[in-house]
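Trainee: Could we go through this model together, one question at a time?

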Amino acid sequence: MKLEQKIPPVVVFFIVVILMWVTTKVAGFLSVYHPFKIQSLILCVLLGVGFALLGVTSFKKHKTSVNPIKTDRVVSLVTSGVYQYSRNPMYVGMLLCLVGIGLYTSNPLNILFIVLFVWYMNKYQITPEEAFLTDKFGASYTEYMKTVRRWL
């Protein structure tokens, strides 16, 4: 079974980053003062990258695919480590990075792109992934979904 989604999540992430950057350049006059914008950016990016890497490491440890488009390489359901707290730590990591960029740019319009990222990922990436994983792992995945949140 192949997922309908053909755009890799990392590409979606970078598209949103570019849109946030363009918005800041075009509508910079809307930016608000934020005294700790560099610290906010660094903290969010470190947390985001760290969270995402924990997800990648868990997948590698269980010898399953980190590529959500290559479903034929999914061999095990990972529920340990960071996956005890989030079913999608790699996406949470991307979201934290976007929040950091949003705080750094201090442009309220960029909140829209963060919200759109979450909506898009839920609708076009996570929902198809959940359907695939339910088909592949059955009751194990259904029970996991009941106990662990989609994001955090």
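Mentor: Buried means under 20% relative accessible area, exposed over 50%, and partly exposed in between, with a 1.4 Å probe and protein chains only. This is a predicted model, in which local features need pLDDT of at least 70 and side-chain atom pairs count only at pLDDT 80 or more, while totals for chains, interfaces and linings use all residues. Residues are numbered from 1 along each chain as its sequence is written, and side-chain values use heavy atoms, with hydrogens and water left out.

Trainee: Is Lys63 buried or exposed?

Mentor: Lys63 lies in the loop between helix H2 (37–61) and H3, helices being DSSP runs of H or I with at least four residues, numbered from the N terminus. Its phi is positive, about 55 degrees, although Lys63 is not a glycine. Because its relative accessibility is 69%, Lys63 counts as exposed.

Trainee: Is Ser106 buried or exposed?

Mentor: Ser106 lies in the loop between H3 and H4, and has a positive phi of about 55 degrees although it is not a glycine. With 8% relative accessibility, Ser106 therefore counts as buried.

Trainee: On which residue is the kink in H4 centred?

Mentor: Helix H4 (residues 109–137) has 29 residues and reaches 40 Å from its first C-alpha to its last, close to the 42 Å expected at 1.5 Å a residue, where the expected span is 1.5 Å times one less than the number of residues. The bend at a residue is the angle between axes fitted to the seven residues ending there and the seven starting there. The kink in H4, of about 40 degrees, is centred on Asn122.

Methods
Helix = DSSP H or I, 4+ residues; strand = E, 2+ residues; numbered from the N terminus.
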